[in-house]
Amino acid sequence: MTARALTVGFDLDMTLIDSRPGIREAYLALSAETGTYIDADLAITRLGPPLEEELRNWFPEDRIQEMGDRYREIYPTYAIAPTLAMPGAPEAVAAVRAHGGRAIVVTAKHEPNAKLHLAHLGIEADAVIGWLWAEAKAEALREHDAAVYVGDHTGDVRGARTAGALSVAVATGPCDAAELRAAGADVVLADLTQFPAWLDAYVAGGAA
C-alpha cells in the first residue's frame, strides 16, 4: 500500500509574507480617498482576521461591504510591490517539495490578491485557497488532505485543530509563542527558518 503524499498548508500574511508595508499603504490610500481616519500603523499590528473586522474600527456597519470592496480593488496598486517574503518562506515551501509533498496556501485574504503576492515573490503553491478564516480554514485543509498547517495566529491553530491537522505555529505575527501554545499549537517555531529541519524530523519519524 502506498503512503499518502504529504500535504502541508501555510497561512499567508505574517507566515509566508510580511505584508505590513503594503497593507499600510493600502489603508492610507483608502483613508485619503474616503476622508476617513484610519490608523494604518495600528491596523498592521493585528493582521490575520478578515478585512471586515478591521474596517469596523473605522467605518459604520452600512459602509463595510463598500469599503471592503474598494480596499480589495486598490490593493494590487499599493500593496503587492512593498511586500516581502518572510525569512525562510521560500525554503519552507521547497522543503515540502523536497519530501515529495504538496504545499498549499490557505488564507483569509481575497484569493486573487493572495495569488498576486505569491507570483510577485516567486513562491509557487500547489493550490491557493482564500476567504477562509480560523475554523473555516478546516474546509480547505480537509479537502486537500493536509496533514500539517503552518500559521502565525491563534485562528490558524484553531483551523488546524478543527481539520485534524498538526498545528505548527510560527511566532512571527501578532500572537507570541505563549499565546500560540495556549491556543493548542502542537509545535511552535520562532520563524520559518526552523521549519525545514523540523519537517525532516517529522517525516523521519513516520508521521507523514
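Which element gives the most to the lining of the largest pocket? In this predicted model, that element is helix 3, which contributes four residues to the lining. The pocket itself holds about 440 Å³ of space, and among the elements that give two or more residues to its lining are helix 1 (20–34) and helix 4 (64–79), alongside helix 3 (51–55). Of the 27 residues that line the pocket, L47, G48, P49, P50 and L51 lie nearest its centre.

In soluble globular proteins, nonpolar side chains tend to be buried together. Here the largest nonpolar core has 52 residues, and those with the most contacts inside it are F10, L16, Y27, V150, L192, F195 and W198. The surroundings of L16 can be followed in the structure: leaving aside its neighbours within four places in sequence, L16 is in contact with F10, D11, A85, M86, A89, V93, V105, L118, I123 and L192. There is also a second, separate core of 12 residues, which includes I104, L132, A140 and A146.

A pair of aromatic rings is described by the distance of the centres and the angle of the planes. The structure holds six aromatic pairs, and in one of them the rings of F10 and F195 have their centres 5.6 Å apart and their planes at 65°, so that the pair counts as edge-to-face. This pair links distant parts of the chain, with F10 in strand 1 (residues 7–10) and F195 in helix 10 (residues 195–204), 185 residues apart. Both F10 and F195 are buried.

A stacked arrangement is found between W198 and Y202, because their ring centres are 4.9 Å apart and their planes lie at 20°. These two residues are separated by about one helical turn, because they stand four residues apart in helix 10. W198 is buried, with a relative accessible area of 16%, and Y202 is likewise buried, with a relative accessible area of 12%; each counts as buried because the value is under 20%. Ring pairs link F10, F195, W198 and Y202 into a cluster, and F10, F195 and W198 are also among the residues with the most contacts inside the largest nonpolar core.

Definitions and conventions. Residues numbered from 1 in each chain as written. Predicted model: local features only at pLDDT ≥ 70, side-chain atom pairs only at ≥ 80, totals over all residues. Heavy atoms only, no water. 1 Å grid on protein atoms, 1.4 Å probe; cavity = no way out; pocket = protein on both sides within 12 Å on 5 of 7 lines; lining within 4 Å. Points joined across faces, edges and corners; volume = space filled by probe spheres on them. Phe/Tyr/Trp six-rings, centres within 6.5 Å; stacked < 30°, edge-to-face > 60°. Buried < 20%, exposed > 50% of the residue type's maximum accessible area, 1.4 Å probe, protein only. Core = buried A, V, L, I, M, F, W, Y, C linked by side-chain atoms within 4.5 Å. Contact = heavy atoms within 4.5 Å.
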